[in-house]
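Let's take a walk through a protein chain together. Keep the sequence and the 3D view side by side as you read.

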Amino acid sequence: MLAALLLGGSGIAVVTANAMAGQGSQGDDRDGTVGRTATVQTIDCPDVALAMEEVPQQAEEEVARSSAELDRRVTEAFWQLNRGESARTVVPRLEQQRQTLIDRIRVLLDRLEAQQPAGLDSMDECEVREVEGTPVDDGQNGDDGQDGQEQGGDGQDGQDGDGQEQDGGGQDGQDGDGEEQATGPVAEDFVDITTVEPNVQEPQEQEGASTGTFTSECGVNEEEHFNTDNVIVAPGQLNGAQHTHDHVGNLETDFDSDNDVLAQGETTCTNGDQSTYYWPVLRALDGQEDNRGTPDGFGNQGNVGTILQAKEVDITFEGSPVGDVVAMPRFLQIITGDAKAFTNGPENANASWSCTGFEDRQLTDKYPICPEGSDITRTFRFQSCWDGENIDSANSRDHMAFAEEDGSCPDGFVAVPQLVQKLTYEVPEGENIPEETPFAVDGFAEQLKKPVTDHSDFINVMPEELMEEAVDCINSGQDCS
(Lines give C-alpha, C1' and ligand atoms only; values in the text may rest on other atoms or scores of the structure.)
Protein backbone atom coordinates (compact mmCIF):
# COMPACT_ATOMS: atom_id res chain seq x y z
CA MET A 1 0.00 0.00 0.00
CA LEU A 2 1.06 3.59 -0.30
CA ALA A 3 3.45 4.38 2.50
CA ALA A 4 2.17 7.92 3.08
CA LEU A 5 0.53 10.96 1.62
CA LEU A 6 3.54 13.12 0.96
CA LEU A 7 3.58 16.58 2.49
CA GLY A 8 5.47 19.48 1.00
CA GLY A 9 5.24 21.43 -2.22
CA SER A 10 5.12 20.94 -5.93
CA GLY A 11 6.57 17.48 -6.41
CA ILE A 12 7.62 15.08 -9.13
CA ALA A 13 7.28 11.36 -9.08
CA VAL A 14 8.25 8.37 -11.19
CA VAL A 15 7.17 4.73 -10.95
CA THR A 16 9.91 2.13 -11.26
CA ALA A 17 8.56 -1.41 -11.31
CA ASN A 18 10.24 -4.29 -9.50
CA ALA A 19 9.16 -7.45 -11.30
CA MET A 20 7.84 -9.76 -8.59
CA ALA A 21 5.20 -11.77 -10.41
CA GLY A 22 4.39 -14.84 -8.39
CA GLN A 23 6.39 -13.69 -5.36
CA GLY A 24 5.48 -10.03 -4.97
CA SER A 25 3.27 -8.13 -2.60
CA GLN A 26 -0.43 -8.84 -2.58
CA GLY A 27 -2.41 -6.94 -5.18
CA ASP A 28 -6.00 -5.86 -4.93
CA ASP A 29 -7.91 -7.68 -2.15
CA ARG A 30 -11.06 -7.76 -4.27
CA ASP A 31 -9.76 -10.54 -6.47
CA GLY A 32 -6.78 -11.81 -4.48
CA THR A 33 -4.35 -11.21 -7.35
CA VAL A 34 -0.65 -11.02 -6.73
CA GLY A 35 0.90 -7.94 -8.29
CA ARG A 36 4.27 -6.26 -8.51
CA THR A 37 5.67 -3.68 -6.15
CA ALA A 38 6.27 -0.24 -7.64
CA THR A 39 8.54 2.33 -6.01
CA VAL A 40 7.48 5.92 -6.59
CA GLN A 41 10.41 8.35 -6.50
CA THR A 42 9.11 11.82 -5.70
CA ILE A 43 11.05 15.06 -5.76
CA ASP A 44 9.31 17.32 -3.27
CA CYS A 45 9.65 21.04 -4.01
CA PRO A 46 7.85 23.98 -2.34
CA ASP A 47 4.84 25.34 -4.23
CA VAL A 48 5.82 28.94 -4.96
CA ALA A 49 2.45 29.95 -6.41
CA LEU A 50 0.63 28.78 -3.28
CA ALA A 51 2.97 30.85 -1.09
CA MET A 52 2.37 34.14 -2.92
CA GLU A 53 0.84 36.83 -0.67
CA GLU A 54 0.92 39.98 -2.77
CA VAL A 55 1.36 40.52 -6.50
CA PRO A 56 0.89 44.05 -7.86
CA GLN A 57 -1.26 44.21 -10.96
CA GLN A 58 1.66 45.28 -13.17
CA ALA A 59 3.56 42.15 -12.13
CA GLU A 60 0.76 39.60 -12.53
CA GLU A 61 1.63 38.54 -16.07
CA GLU A 62 5.33 38.02 -15.34
CA VAL A 63 4.69 36.16 -12.07
CA ALA A 64 2.14 33.92 -13.81
CA ARG A 65 4.64 33.18 -16.58
CA SER A 66 7.40 32.32 -14.09
CA SER A 67 5.03 30.19 -11.98
CA ALA A 68 3.89 28.24 -15.04
CA GLU A 69 7.53 27.75 -16.02
CA LEU A 70 8.28 26.36 -12.54
CA ASP A 71 5.52 23.80 -13.08
CA ARG A 72 6.84 22.90 -16.52
CA ARG A 73 10.35 22.40 -15.17
CA VAL A 74 9.10 20.02 -12.49
CA THR A 75 7.19 17.98 -15.06
CA GLU A 76 10.20 17.98 -17.40
CA ALA A 77 12.37 16.63 -14.57
CA PHE A 78 9.75 13.94 -13.91
CA TRP A 79 10.10 12.65 -17.45
CA GLN A 80 13.89 12.85 -17.27
CA LEU A 81 13.79 10.56 -14.24
CA ASN A 82 11.24 8.39 -16.02
CA ARG A 83 13.73 7.89 -18.87
CA GLY A 84 16.32 6.69 -16.38
CA GLU A 85 18.44 9.78 -15.68
CA SER A 86 20.07 9.78 -12.28
CA ALA A 87 18.49 11.83 -9.50
CA ARG A 88 22.00 13.12 -8.78
CA THR A 89 21.85 14.82 -12.17
CA VAL A 90 18.16 15.73 -12.35
CA VAL A 91 17.74 17.30 -8.91
CA PRO A 92 20.63 19.81 -9.02
CA ARG A 93 19.63 20.84 -12.54
CA LEU A 94 16.02 21.37 -11.45
CA GLU A 95 17.11 23.38 -8.41
CA GLN A 96 19.30 25.63 -10.56
CA GLN A 97 16.41 26.25 -12.95
CA ARG A 98 14.09 26.99 -10.02
CA GLN A 99 16.59 29.40 -8.50
CA THR A 100 16.73 31.37 -11.76
CA LEU A 101 12.95 31.64 -11.97
CA ILE A 102 12.47 32.43 -8.26
CA ASP A 103 15.16 35.14 -8.47
CA ARG A 104 13.20 36.69 -11.31
CA ILE A 105 10.07 36.81 -9.14
CA ARG A 106 12.03 38.18 -6.17
CA VAL A 107 13.63 40.99 -8.18
CA LEU A 108 10.28 41.96 -9.68
CA LEU A 109 8.53 42.10 -6.30
CA ASP A 110 11.43 44.10 -4.80
CA ARG A 111 11.25 46.62 -7.60
CA LEU A 112 7.54 47.13 -6.97
CA GLU A 113 8.01 47.14 -3.18
CA ALA A 114 5.64 44.18 -2.82
CA GLN A 115 5.73 41.70 0.05
CA GLN A 116 7.97 38.67 -0.47
CA PRO A 117 6.55 35.23 0.34
CA ALA A 118 7.98 33.80 3.56
CA GLY A 119 10.90 31.48 2.87
CA LEU A 120 11.19 32.39 -0.80
CA ASP A 121 15.00 32.13 -0.63
CA SER A 122 14.83 28.40 0.06
CA MET A 123 12.02 27.45 -2.32
CA ASP A 124 14.46 26.28 -4.98
CA GLU A 125 15.42 23.27 -2.82
CA CYS A 126 13.95 19.85 -3.62
CA GLU A 127 14.29 16.41 -2.04
CA VAL A 128 13.67 12.86 -3.20
CA ARG A 129 11.09 10.72 -1.39
CA GLU A 130 9.68 7.28 -2.07
CA VAL A 131 6.35 5.49 -1.61
CA GLU A 132 5.19 2.10 -2.78
CA GLY A 133 2.11 0.85 -4.57
CA THR A 134 0.79 -2.08 -6.56
CA PRO A 135 0.54 -1.29 -10.27
CA VAL A 136 -2.09 -3.04 -12.37
CA ASP A 137 -1.85 -4.18 -15.98
CA ASP A 138 -4.30 -1.58 -17.15
CA GLY A 139 -4.43 -1.94 -20.90
CA GLN A 140 -2.00 0.95 -21.33
CA ASN A 141 0.99 -1.39 -21.51
CA GLY A 142 2.23 -3.98 -23.95
CA ASP A 143 1.28 -3.60 -27.61
CA ASP A 144 0.16 -0.01 -27.48
CA GLY A 145 3.32 1.09 -25.68
CA GLN A 146 1.51 4.20 -24.52
CA ASP A 147 3.37 4.69 -21.26
CA GLY A 148 2.86 8.43 -21.14
CA GLN A 149 3.88 11.54 -23.01
CA GLU A 150 7.03 13.44 -22.20
CA GLN A 151 6.62 17.16 -21.61
CA GLY A 152 9.80 18.86 -22.68
CA GLY A 153 13.03 16.87 -22.23
CA ASP A 154 14.18 15.94 -25.73
CA GLY A 155 11.17 17.60 -27.31
CA GLN A 156 11.20 20.91 -29.09
CA ASP A 157 12.89 22.90 -26.38
CA GLY A 158 13.30 26.60 -26.87
CA GLN A 159 15.32 29.21 -25.03
CA ASP A 160 16.69 27.06 -22.25
CA GLY A 161 19.15 29.56 -20.86
CA ASP A 162 16.78 32.13 -19.40
CA GLY A 163 14.09 29.88 -18.04
CA GLN A 164 11.63 30.97 -20.74
CA GLU A 165 11.55 27.64 -22.49
CA GLN A 166 8.45 26.78 -24.47
CA ASP A 167 8.47 23.04 -23.93
CA GLY A 168 7.87 20.71 -26.80
CA GLY A 169 5.82 17.58 -26.91
CA GLY A 170 8.31 14.75 -27.13
CA GLN A 171 6.87 11.27 -26.82
CA ASP A 172 9.64 9.42 -24.99
CA GLY A 173 7.03 7.92 -22.69
CA GLN A 174 5.81 5.70 -25.53
CA ASP A 175 8.49 3.06 -25.20
CA GLY A 176 6.31 0.02 -25.71
CA ASP A 177 8.31 -2.04 -23.23
CA GLY A 178 5.39 -3.22 -21.13
CA GLU A 179 6.28 -1.14 -18.07
CA GLU A 180 3.58 0.60 -16.06
CA GLN A 181 2.39 3.99 -17.20
CA ALA A 182 4.54 6.15 -14.95
CA THR A 183 1.79 8.59 -14.13
CA GLY A 184 -0.47 6.15 -12.24
CA PRO A 185 -2.87 5.34 -10.73
CA VAL A 186 -2.33 2.11 -8.74
CA ALA A 187 -4.71 -0.42 -7.21
CA GLU A 188 -4.50 1.17 -3.76
CA ASP A 189 -6.05 4.37 -5.15
CA PHE A 190 -9.43 2.56 -5.48
CA VAL A 191 -11.88 1.15 -2.94
CA ASP A 192 -15.12 -0.81 -3.26
CA ILE A 193 -17.77 1.76 -2.25
CA THR A 194 -19.92 -0.96 -0.69
CA THR A 195 -17.21 -1.53 1.94
CA VAL A 196 -17.15 2.14 3.01
CA GLU A 197 -19.12 3.14 6.11
CA PRO A 198 -21.56 6.09 5.75
CA ASN A 199 -19.64 9.25 6.67
CA VAL A 200 -21.78 12.21 5.57
CA GLN A 201 -23.30 14.41 8.27
CA GLU A 202 -26.11 16.75 7.30
CA PRO A 203 -25.49 20.36 8.42
CA GLN A 204 -27.64 21.67 11.22
CA GLU A 205 -29.68 24.63 9.99
CA GLN A 206 -30.28 27.44 12.47
CA GLU A 207 -33.17 29.87 12.67
CA GLY A 208 -32.83 32.41 9.87
CA ALA A 209 -30.91 30.07 7.55
CA SER A 210 -31.13 30.73 3.83
CA THR A 211 -32.56 27.45 2.59
CA GLY A 212 -33.30 28.10 -1.08
CA THR A 213 -31.36 26.98 -4.14
CA PHE A 214 -30.62 28.39 -7.58
CA THR A 215 -29.65 26.09 -10.46
CA SER A 216 -27.94 26.88 -13.75
CA GLU A 217 -28.51 24.26 -16.43
CA CYS A 218 -25.39 24.40 -18.61
CA GLY A 219 -25.19 20.99 -20.28
CA VAL A 220 -22.45 18.36 -20.16
CA ASN A 221 -19.97 19.95 -22.59
CA GLU A 222 -21.68 18.72 -25.73
CA GLU A 223 -19.64 21.41 -27.52
CA GLU A 224 -16.40 19.60 -26.55
CA HIS A 225 -14.94 22.77 -25.06
CA PHE A 226 -11.60 21.36 -23.87
CA ASN A 227 -8.23 22.99 -23.27
CA THR A 228 -5.10 22.59 -21.16
CA ASP A 229 -5.23 26.20 -19.93
CA ASN A 230 -6.12 27.65 -16.54
CA VAL A 231 -6.99 31.32 -16.86
CA ILE A 232 -7.27 31.73 -13.07
CA VAL A 233 -3.93 30.23 -12.02
CA ALA A 234 -1.93 30.86 -15.19
CA PRO A 235 -3.53 33.79 -17.07
CA GLY A 236 -1.97 34.35 -20.46
CA GLN A 237 -0.11 31.02 -20.38
CA LEU A 238 -0.94 28.55 -23.15
CA ASN A 239 -1.02 25.04 -21.65
CA GLY A 240 -0.70 26.52 -18.16
CA ALA A 241 -2.55 23.58 -16.57
CA GLN A 242 -0.62 20.80 -18.33
CA HIS A 243 -3.79 18.70 -18.14
CA THR A 244 -7.09 18.91 -19.99
CA HIS A 245 -10.08 20.75 -18.54
CA ASP A 246 -13.76 20.14 -19.29
CA HIS A 247 -15.77 23.39 -19.64
CA VAL A 248 -19.42 24.37 -19.46
CA GLY A 249 -20.89 27.84 -19.41
CA ASN A 250 -18.86 30.59 -21.06
CA LEU A 251 -17.61 29.44 -24.47
CA GLU A 252 -14.77 31.98 -24.59
CA THR A 253 -12.80 30.53 -21.67
CA ASP A 254 -9.16 29.85 -22.47
CA PHE A 255 -5.70 31.04 -21.41
CA ASP A 256 -6.21 34.47 -22.94
CA SER A 257 -9.77 35.38 -21.87
CA ASP A 258 -10.01 38.48 -19.68
CA ASN A 259 -13.10 39.93 -18.03
CA ASP A 260 -14.09 41.93 -21.12
CA VAL A 261 -13.91 38.81 -23.30
CA LEU A 262 -15.93 36.74 -20.82
CA ALA A 263 -18.56 39.48 -20.50
CA GLN A 264 -19.18 39.23 -24.24
CA GLY A 265 -19.04 35.44 -24.40
CA GLU A 266 -21.82 33.11 -25.47
CA THR A 267 -22.86 30.51 -22.92
CA THR A 268 -24.14 26.95 -22.78
CA CYS A 269 -26.32 27.84 -19.78
CA THR A 270 -30.01 28.12 -20.59
CA ASN A 271 -30.68 30.99 -18.17
CA GLY A 272 -28.10 33.40 -19.59
CA ASP A 273 -25.48 32.60 -16.93
CA GLN A 274 -22.17 33.54 -18.61
CA SER A 275 -20.08 32.13 -15.78
CA THR A 276 -17.25 29.74 -16.59
CA TYR A 277 -17.16 26.34 -14.89
CA TYR A 278 -14.26 23.97 -15.54
CA TRP A 279 -12.62 20.89 -14.01
CA PRO A 280 -10.12 18.20 -15.11
CA VAL A 281 -11.51 15.62 -17.50
CA LEU A 282 -12.08 12.06 -16.37
CA ARG A 283 -10.52 9.39 -18.59
CA ALA A 284 -11.16 5.70 -19.11
CA LEU A 285 -7.82 3.92 -18.63
CA ASP A 286 -8.07 2.12 -21.95
CA GLY A 287 -4.62 3.09 -23.25
CA GLN A 288 -6.07 5.20 -26.07
CA GLU A 289 -4.74 8.62 -26.95
CA ASP A 290 -7.39 11.32 -26.75
CA ASN A 291 -5.81 14.69 -27.43
CA ARG A 292 -8.98 16.77 -27.70
CA GLY A 293 -8.26 20.26 -26.44
CA THR A 294 -4.50 19.73 -26.40
CA PRO A 295 -2.49 22.38 -28.25
CA ASP A 296 -0.17 21.20 -31.04
CA GLY A 297 3.25 20.22 -29.77
CA PHE A 298 2.24 19.37 -26.22
CA GLY A 299 1.02 15.78 -26.67
CA ASN A 300 -1.23 14.59 -23.89
CA GLN A 301 1.50 14.88 -21.23
CA GLY A 302 0.97 11.48 -19.72
CA ASN A 303 -2.81 11.77 -19.45
CA VAL A 304 -3.64 8.76 -21.62
CA GLY A 305 -7.15 7.39 -22.03
CA THR A 306 -10.44 8.22 -23.71
CA ILE A 307 -12.10 11.33 -22.26
CA LEU A 308 -15.40 10.47 -20.56
CA GLN A 309 -18.40 12.74 -21.02
CA ALA A 310 -20.52 13.22 -17.92
CA LYS A 311 -24.08 11.89 -18.00
CA GLU A 312 -25.17 14.80 -15.81
CA VAL A 313 -23.66 18.05 -14.59
CA ASP A 314 -25.59 19.63 -11.74
CA ILE A 315 -24.65 23.25 -10.92
CA THR A 316 -26.50 24.56 -7.89
CA PHE A 317 -26.01 27.55 -5.60
CA GLU A 318 -27.06 27.02 -1.97
CA GLY A 319 -27.48 29.25 1.06
CA SER A 320 -25.93 29.60 4.50
CA PRO A 321 -27.07 27.54 7.51
CA VAL A 322 -26.89 30.61 9.76
CA GLY A 323 -28.37 33.49 7.74
CA ASP A 324 -28.81 35.28 4.45
CA VAL A 325 -26.25 35.41 1.66
CA VAL A 326 -25.13 38.45 -0.33
CA ALA A 327 -24.49 38.68 -4.05
CA MET A 328 -21.17 37.55 -5.49
CA PRO A 329 -19.38 40.34 -7.36
CA ARG A 330 -19.13 39.79 -11.07
CA PHE A 331 -15.82 38.17 -12.11
CA LEU A 332 -15.22 36.66 -8.67
CA GLN A 333 -12.80 33.74 -9.12
CA ILE A 334 -12.84 30.63 -6.93
CA ILE A 335 -10.71 27.48 -7.01
CA THR A 336 -11.70 24.53 -4.86
CA GLY A 337 -9.40 21.57 -4.34
CA ASP A 338 -5.68 21.40 -5.15
CA ALA A 339 -4.18 19.92 -8.32
CA LYS A 340 -0.95 19.26 -6.36
CA ALA A 341 -2.49 17.87 -3.18
CA PHE A 342 -0.54 14.60 -3.45
CA THR A 343 2.66 16.52 -2.66
CA ASN A 344 1.30 19.74 -1.16
CA GLY A 345 -0.67 17.77 1.42
CA PRO A 346 -4.44 17.63 1.88
CA GLU A 347 -4.99 21.08 3.41
CA ASN A 348 -6.69 22.46 0.28
CA ALA A 349 -8.10 19.17 -1.04
CA ASN A 350 -11.87 19.46 -1.33
CA ALA A 351 -13.33 17.21 -4.03
CA SER A 352 -15.15 14.01 -3.07
CA TRP A 353 -15.93 10.80 -4.94
CA SER A 354 -18.80 8.34 -4.58
CA CYS A 355 -21.35 6.27 -6.52
CA THR A 356 -25.03 6.83 -7.16
CA GLY A 357 -27.06 5.18 -4.42
CA PHE A 358 -24.15 5.56 -2.00
CA GLU A 359 -23.99 9.35 -1.70
CA ASP A 360 -23.84 9.07 2.10
CA ARG A 361 -20.30 7.71 1.62
CA GLN A 362 -17.89 10.30 0.25
CA LEU A 363 -14.19 9.66 -0.50
CA THR A 364 -11.47 12.30 -0.71
CA ASP A 365 -8.30 10.23 -1.25
CA LYS A 366 -9.72 7.17 -3.05
CA TYR A 367 -11.59 6.52 -6.28
CA PRO A 368 -14.75 4.42 -5.90
CA ILE A 369 -15.35 1.02 -7.45
CA CYS A 370 -19.10 1.14 -8.06
CA PRO A 371 -21.40 -1.91 -8.12
CA GLU A 372 -23.32 -2.86 -11.24
CA GLY A 373 -26.02 -0.32 -12.08
CA SER A 374 -24.35 2.48 -10.10
CA ASP A 375 -22.55 5.48 -11.62
CA ILE A 376 -19.45 7.43 -10.54
CA THR A 377 -20.02 10.81 -8.87
CA ARG A 378 -17.66 13.74 -8.30
CA THR A 379 -18.78 16.53 -5.96
CA PHE A 380 -17.26 19.97 -5.39
CA ARG A 381 -18.56 22.19 -2.56
CA PHE A 382 -16.91 25.56 -3.09
CA GLN A 383 -15.79 28.06 -0.47
CA SER A 384 -18.78 30.23 0.46
CA CYS A 385 -17.22 33.08 2.47
CA TRP A 386 -15.88 36.14 0.62
CA ASP A 387 -13.62 38.86 2.03
CA GLY A 388 -16.07 41.48 0.78
CA GLU A 389 -13.49 43.29 -1.34
CA ASN A 390 -11.34 41.24 -3.74
CA ILE A 391 -12.38 39.15 -6.72
CA ASP A 392 -9.03 37.34 -6.68
CA SER A 393 -5.85 37.08 -4.59
CA ALA A 394 -2.16 36.43 -5.26
CA ASN A 395 -2.44 32.70 -4.53
CA SER A 396 -6.03 32.53 -5.86
CA ARG A 397 -7.29 31.45 -2.42
CA ASP A 398 -6.95 34.08 0.32
CA HIS A 399 -9.97 36.15 -0.78
CA MET A 400 -12.28 33.17 -0.10
CA ALA A 401 -12.77 30.90 2.93
CA PHE A 402 -14.84 27.96 4.08
CA ALA A 403 -17.48 28.46 6.72
CA GLU A 404 -16.69 27.53 10.32
CA GLU A 405 -18.08 24.33 11.86
CA ASP A 406 -21.18 26.20 13.03
CA GLY A 407 -21.81 27.51 9.50
CA SER A 408 -20.72 31.10 10.17
CA CYS A 409 -18.03 32.87 8.16
CA PRO A 410 -14.65 33.77 9.68
CA ASP A 411 -14.16 37.34 10.89
CA GLY A 412 -13.90 39.74 7.97
CA PHE A 413 -15.79 37.47 5.57
CA VAL A 414 -19.43 37.46 4.42
CA ALA A 415 -21.56 34.58 3.14
CA VAL A 416 -22.21 34.34 -0.60
CA PRO A 417 -24.17 31.64 -2.47
CA GLN A 418 -22.26 28.36 -2.19
CA LEU A 419 -21.56 26.73 -5.54
CA VAL A 420 -22.08 22.96 -5.42
CA GLN A 421 -21.22 20.92 -8.50
CA LYS A 422 -22.10 17.26 -8.90
CA LEU A 423 -20.86 15.34 -11.95
CA THR A 424 -22.14 11.85 -12.80
CA TYR A 425 -20.40 9.38 -15.14
CA GLU A 426 -21.08 5.86 -16.34
CA VAL A 427 -18.44 3.39 -15.19
CA PRO A 428 -16.24 2.75 -18.24
CA GLU A 429 -16.13 -0.86 -19.38
CA GLY A 430 -14.34 -2.64 -22.19
CA GLU A 431 -11.73 -5.24 -23.05
CA ASN A 432 -8.84 -2.83 -22.46
CA ILE A 433 -10.22 -1.27 -19.27
CA PRO A 434 -9.07 -2.97 -16.04
CA GLU A 435 -11.70 -3.61 -13.40
CA GLU A 436 -9.27 -2.61 -10.63
CA THR A 437 -8.36 0.79 -12.10
CA PRO A 438 -11.01 1.70 -14.70
CA PHE A 439 -10.64 5.50 -14.71
CA ALA A 440 -8.65 8.45 -13.38
CA VAL A 441 -8.74 12.22 -13.30
CA ASP A 442 -6.36 14.28 -15.44
CA GLY A 443 -3.56 16.03 -13.61
CA PHE A 444 0.06 17.06 -13.56
CA ALA A 445 2.03 13.95 -14.57
CA GLU A 446 4.08 14.08 -11.36
CA GLN A 447 0.92 13.88 -9.22
CA LEU A 448 0.29 10.31 -10.43
CA LYS A 449 -3.42 10.85 -11.08
CA LYS A 450 -4.23 10.62 -7.38
CA PRO A 451 -7.92 11.21 -6.54
CA VAL A 452 -6.97 13.75 -3.85
CA THR A 453 -5.74 16.11 -6.60
CA ASP A 454 -9.21 16.62 -8.09
CA HIS A 455 -10.30 20.26 -8.28
CA SER A 456 -12.69 22.66 -9.95
CA ASP A 457 -12.60 26.30 -11.04
CA PHE A 458 -15.28 28.98 -11.32
CA ILE A 459 -15.50 32.57 -12.51
CA ASN A 460 -18.79 34.30 -11.78
CA VAL A 461 -19.93 36.09 -14.93
CA MET A 462 -23.65 36.09 -14.15
CA PRO A 463 -25.28 39.35 -15.20
CA GLU A 464 -25.94 41.31 -12.01
CA GLU A 465 -29.70 40.95 -12.40
CA LEU A 466 -29.39 37.17 -12.57
CA MET A 467 -27.17 37.08 -9.48
CA GLU A 468 -29.72 39.17 -7.58
CA GLU A 469 -32.43 36.73 -8.67
CA ALA A 470 -30.31 33.86 -7.35
CA VAL A 471 -29.79 35.61 -4.00
CA ASP A 472 -33.51 36.34 -3.66
CA CYS A 473 -34.38 32.69 -4.36
CA ILE A 474 -31.87 31.42 -1.84
CA ASN A 475 -32.74 33.87 0.92
CA SER A 476 -36.50 33.36 0.50
CA GLY A 477 -36.27 29.55 0.63
CA GLN A 478 -37.30 28.96 -3.00
CA ASP A 479 -35.85 26.41 -5.39
CA CYS A 480 -35.24 28.17 -8.70
CA SER A 481 -33.77 27.09 -12.01
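What share of the contacts in the chain with a separation of 6 or more comes from residues 24 or more positions apart? The figure is 78%, where a contact means heavy atoms within 4.5 Å.

Before going further, a word on what you're looking at. This is a predicted model, in which local features need pLDDT of at least 70 and side-chain atom pairs count only at pLDDT 80 or more, while totals for chains, interfaces and linings use all residues. Residues are numbered from 1 along each chain as its sequence is written, and side-chain values use heavy atoms, with hydrogens and water left out.

The chain has a mean pLDDT of 83, with 81% of its residues at 70 or more. Over residues 1–35, though, the value is below 50, and this stretch has 125 contacts in the model beyond near neighbours in sequence. Residues 137–180 also stay under 50, and there the model has 135 contacts beyond four places in sequence.

Now for the overall build. The chain has six helices and 22 strands; these are DSSP runs numbered from the N terminus, with helices being H or I of at least four residues and strands being E of at least two. Of the 481 residues, 57% count as buried. Buried means under 20% relative accessible area, exposed means over 50%, and partly exposed is in between, using a 1.4 Å probe and protein chains only.

Next, look for the cysteines. A disulfide here is a pair of cysteine sulfur atoms within 2.5 Å, and by this rule there are five. Count the bonded cysteines along the chain and the pattern reads 1-2, 3-4, 5-6, 7-8, 9-10.

One of these links joins Cys45 to Cys126, with 2.2 Å from S to S. Its S-S torsion is about 115°, so the disulfide is right-handed. The two ends sit in distant parts of the chain, 81 residues apart: Cys45 is in the loop between strand 2 (37–44) and helix 1 (48–51), and Cys126 is in the loop between helix 3 (87–111) and strand 3 (127–133). Both Cys45 and Cys126 are buried.

Another joins Cys218 to Cys269, at 2.0 Å from S to S. The link is right-handed, with 95° about the S-S bond. It connects the loop between strand 5 (213–216) and strand 6 (226–227), where Cys218 lies, to the loop between helix 4 (259–263) and strand 8 (276–280), where you'll find Cys269. Cys218 and Cys269 are both buried.

Then there's Cys385 with Cys409, at 2.1 Å from S to S. Is this link left-handed or right-handed? With -85° about the S-S bond, the link of Cys385 and Cys409 is left-handed. Cys385 lies in strand 16 (residues 385–386) and Cys409 in the loop between strand 17 (400–401) and strand 18 (414–415), so the pair ties together parts 24 residues apart in sequence.

Phe331, in the loop between strand 11 and strand 12 (333–337), has a positive phi of about 75° although it isn't a glycine. Phe331 counts as buried because its relative accessibility is 16%. Phe331 is also among the contacts of Asn460, which include Ser275, Arg330 and Met467. Asn460 itself sits in the loop between strand 21 (455–459) and helix 6 (464–475), and at 0% relative accessibility Asn460 is buried.

Finally, the empty space. Rolling a probe the size of a water molecule over the atoms shows where empty space is left. A pocket is an open set of points on a 1 Å grid over the protein atoms alone where a 1.4 Å probe fits, with protein on both sides within 12 Å along at least five of seven lines; lining residues have an atom within 4 Å of a point. The largest pocket has a volume of about 1600 Å³, volume being the space filled by probe spheres set on the points, which are joined across faces, edges and corners. Its lining has 39 residues, and Gln201, Pro203, Glu318, Arg381 and Gln418 lie nearest the centre. Strand 11 (312–318), strand 15 (376–381) and strand 19 (418–425) each supply at least two lining residues.

Notes. pLDDT = per-residue confidence, 0-100.
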